[in-house]
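Here are some notes for a colleague opening this structure. Keep the model in view while reading the points below.

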Amino acid sequence: GIRDMSVIVTPPPARKGIKTTVAAVSEEAVGEAIGRELARGGQVYCVAPRISDLEEVAALVHALFPAASLLVAHGQHRDVEERLVRFANGEAQVLVSTAIIEAGLDVANVNTIVVFHAQRFG
């Protein structure tokens, strides 16, 4: 399945450095990060620690980018693997999920991850 495909041993030779920004959640900050990625034709991960947070995050993304396609995925979805494959295949621009992506979902077209409620992660 999708989780079996992602093994990164070394970064690509021409890989650019990673830019990390820590900011309070605001429509402006979230909109800027997602908007920049969508404008370049990329995809975005929006991650929250709890399943109960996903609806709120998806609603915010939809309010800011009503034309953007999004998928919601978490480990309790029976079709979680199918959802992740669909995202990896480019069927959605934004994946709103729990930390399941840390299990090795590597999508080359994703260069932005927005983490909500970061203080709740261990």
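1. Helix 1 against the sheet. Helix 1 lies across strand 1 (43-47), strand 3 and strand 4, and runs at about 165 degrees to strand 4. Helices (H or I, at least four residues) and strands (E, at least two) are DSSP runs, numbered from the N terminus. Axes are lines fitted to C-alpha atoms, for helices over the stretch in contact, and angles run from 0 to 180 degrees between N-to-C directions.

2. Ground rules. This is a predicted model, in which local features need pLDDT of at least 70 and side-chain atom pairs count only at pLDDT 80 or more, while totals for chains, interfaces and linings use all residues. Residues are numbered from 1 along each chain as its sequence is written, and side-chain values use heavy atoms, with hydrogens and water left out.

3. Helix 2 against the sheet. Helix 2 lies across strand 1, strand 2 and strand 3. Its direction is at about 175 degrees to strand 2.

4. The helix pair. The axes of helix 1 (residues 27-39) and helix 2 (residues 51-64) come within 10 Å and cross at roughly 70 degrees. Helix 1 and helix 2 are therefore roughly perpendicular to each other (angles of 65 to 115 degrees count as such; under 35 is roughly parallel, over 145 roughly antiparallel, the rest oblique). Helix 1 makes the contact (heavy atoms within 4.5 Å) through Glu-27, Val-30, Gly-31 and Ile-34. Helix 2 contributes Leu-60, Val-61 and Leu-64.

5. Four strands form an open sheet in the order 2-3-1-4, with parallel pairing. Two strands pair if DSSP finds at least two bridges between them. Strand 2 (70-73) and strand 4 (110-115) are the edge strands, each pairing on one side only. The twist averages 20 degrees from one strand to the next.

6. Strand 2 in detail. Strand 2 and strand 3 (residues 94-97) pair in the parallel sense over four bridges. Leu-70 has Val-94 of strand 3 as its bridge partner. Ala-73 stands opposite Ser-97 in strand 3. Which residues make up the covered face of strand 2? They are Leu-71 and Ala-73. Leu-70 and Val-72 form the uncovered face.

7. The largest core. A nonpolar core is a set of buried Ala, Val, Leu, Ile, Met, Phe, Trp, Tyr and Cys residues joined through side-chain atoms within 4.5 Å. Buried means under 20% relative accessible area, exposed over 50%, partly exposed in between (1.4 Å probe, protein chains only). The largest such core has 18 residues. Ile-34, Cys-46, Val-114 and Phe-116 have the most contacts inside it. Helix 1, strand 1, helix 2 and strand 3 each supply at least two residues of this core. Helix 2 gives the most, with five residues.

8. Leaving aside neighbours within four places in sequence, Val-114 is in contact with Val-30, Ala-33, Ile-34, Val-44, Tyr-45, Cys-46 and Val-47.

9. Two residues to check. Beyond its neighbours within four places in sequence, Arg-83 is in contact with Leu-71, Val-72, Ala-73 and His-77. Leu-105 lies in the loop between strand 3 and strand 4. Leu-105 is buried too, with a relative accessible area of 9%.
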